[in-house]
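This briefing covers one structure, with notes grouped by topic. Please view the sequence and the coordinates first.

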Amino acid sequence: MNEVTVGVLGLVILLVLFLTGIELSFCMAIIGFFGFAYLNSFSSACNLVVRDFFETFTNYGLTVIPLFMLMGQIASNSDIAKRLYLAAHRWVGHVPGGLAMTTVVGATVFKSMCGSTFATVATFSGIAIPEMDRYGYKKELSSGIVASVGTIGMLIPPSIVLIIYGIVVEQSIGRLFLAGIIPGLMISALFIVVIYGWVRIRPEIAPKAEKASWTDRIKVLPEFIVVAVIFLFVIGGLMMGWFSPTEAGSMGTIAVIILAAVRREVNFKMLVKSWDESLRTAVMTLVLIAASAVLGHFLAITEIPFIAANWATSLPIPRFLTMILIILIYLLGGSFIDDLAFMILATPIFYPAVIKLGYDPIWFGIMVGITLMIGVIIPPVAICVFIVRNITGIPFNIIYRGVLPFLISLGAASLFMFLFPELATWLPTFFMGAE
């Protein structure tokens with residue numbers, strides 16, 4: 001068999017192995033190892049696996065992943081998220097659907113400190129949904145917005161998705177962080193618009209809360225100011241070149257620990273829990289990256305990525321239709337395989353085609369992020385829906401019914417990004433110049 005045939009057969013076997021229930025990272029490493037051994041030699045395949053795993057786990061640049069995850073877990077396990085939610089409630093709780101809007105505002109601000117989407121969903125499942133229940137909100141709205149708003153973490157820095165994308169395609173993490181700010185805030189605004197429209201059509205789903213006085217509102221402003229200072233310190237310092245992404249993660253983690261300590265929300269048990277949770281997730285992510293490197297080396301010698309790029313650019317259709325086809329493949333693949341894992345798997349294959357079509361790699365990273373946002377709330381995987389279900393016990397059909405309107409928002413955001421790519425590229429160009 002020639003190299004291309006071996007590569008295609010390897011990808012088919014990869015899918016079959018995954019469907020048997022084996023973790024995708026192990027599937028990628030197995031296929032990459034045996035495929036490389038078949039096309040080269042067994043000893044070279046052994047050297048490849050050892051080198052790729054060793055380089056991944058000793059790569060200083062990749063320490064940014066556990067650091068930002070630790071920052072998010074500490075913020076999640078302290079009362080920072082609860083304070084933000086209550087502060088946002090004081091400002092918009094009296095508006096029709098205000099508690100749901102509060103959840104959007106609180107989660108968006110919280111995401112500026114938390115790199116984990118799943119931690120955000122879990123945190124606000126325990127904070128926001130009981131509060132909305134207390135005020136008589138319908139389950140479909142409360143569960144739907146919590147499952148949806150957690151996905152904002154795919155774009156708003158510090159985003160683990162954008163960090164991994166930048167590592168995989170060798171793009172500036174700082175530029176990706178800047179690129180995610182405007183689209184992330186735009187999606188938050190679209191969520192609020194959907195809530196307002198939904199409540200106007202069906203007022204019974206979201207009774208009004210009491211209106212806070214201006215004195216009470218001003219008292220909670222420090223909650224937003226503190227988070228804004230941490231965000232500007234970490235992300236601004238990264239943009240200004242004061243420290244690297246890894247150092248930014250370290251400084252952010254220290255800042256969150258200090259904030260929690262000043263408020264006496266830190267104890268040894270909480271720190272151990274945060275370290276354990278962040279380390280588990282970080283190791284899982286690093287194994288995925290290492291395994292994808294093994295598979296990537298196998299695919300490189302089969303030349304499948306380059307063949308796919310040539311095929312995509314030679315299709316007799318406009319280039320935007322080709323890009324839509326690529327995005328749909330990400331969406332479909334992420335519906336059956338963990339979205340982050342599929343991104344790591346698919347990006348080395350499709351990235352050359354995207355560049356050959358003339359699209360900006362930073363813009364493509366944001367499009368991938370929005371696609372993953374959709375992927376984590378649509379079946380059959382829908383991990384954010386599963387988290388809400390496990391924490392609250394709300395039936396899946398009710399959560400999915402609540403998620404649907406917000407899926408429309410994400411679809412609209414994708415359309416805006418296609419029509420106005422400057423939404424992603426303007427901030428990086430303004431602050432860091434053209435590449």
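A residue is called buried under 20% relative accessible area, exposed over 50%, and partly exposed in between. R401, with a relative accessible area of 43%, is therefore partly exposed. The model is predicted. The points below take up the salt bridges, the cysteines, a nonpolar surface patch and a pocket.

**Salt bridges**

- The count of salt bridges comes to seven.
- Four residues, E140, R202, E204 and R401, are linked in a network of salt bridges.
- A salt bridge is counted when the side-chain nitrogen of Lys or Arg is within 4 Å of a carboxyl oxygen of Asp or Glu.
- R202 has a further salt bridge, to E204, at 3.2 Å, N to O.

- Is E140 buried or exposed? E140 has a relative accessible area of 11%, which means that E140 is buried.
- R202 is partly exposed, at 28% relative accessible area.
- E204 is partly exposed as well, with a value of 45%.

**Cysteines**

- How many disulfides does the structure hold? The structure holds zero disulfides.
- For C27, the nearest cysteine sulfur is that of C46, which is 19 Å away. A disulfide needs two cysteine sulfur atoms within 2.5 Å, so C27 is in no disulfide.
- C27 has a relative accessible area of 0% and is buried.
- C384 is buried too, and its relative accessible area is 0%.

**Nonpolar surface patch**

- Which residues make the nonpolar surface patch of about 370 Å²? The patch is made by V4, V8, V12, V16 and I307.
- Helix α1 (residues 3-19) gives the most to this patch, with four residues.
- V16 is found in helix α1. The relative accessibility of V16 is 46%, so V16 counts as partly exposed.

**Second largest pocket**

- The second largest pocket holds about 680 Å³ of space.
- This pocket is lined by 24 residues, and the closest to its centre are I167, V168, S292, A293 and P348.
- Which helix gives the most to the lining of the second largest pocket? Helix α14 gives the most, with seven residues.
- The helices that each supply at least two residues of this lining are α3 (42-57), α9 (160-169), α14 (268-302), α15 (304-314) and α17 (339-356).

Methods
Residues are numbered from 1 along each chain as its sequence is written. This is a predicted model: local features need pLDDT of at least 70, side-chain atom pairs count only at pLDDT 80 or more; totals for chains, interfaces and linings use all residues. Side-chain values use heavy atoms; hydrogens and water are left out. Buried means under 20% relative accessible area, exposed over 50%, partly exposed in between (1.4 Å probe, protein chains only). Patches are made of residues with over 30% relative accessible area and no salt bridge: like charges are joined within 9 Å, nonpolar side chains (Val, Leu, Ile, Met, Phe, Trp, Tyr) within 5 Å. Accessible areas come from the Shrake-Rupley method with a 1.4 Å probe; for residues, only the protein chains shown count as cover. On a 1 Å grid over the protein atoms alone, a cavity is a set of points where a 1.4 Å probe fits but cannot get out, and a pocket is an open set with protein on both sides within 12 Å along at least five of seven lines; lining residues have an atom within 4 Å of a point. Grid points are joined across faces, edges and corners, and a volume is the space filled by probe spheres set on the points.
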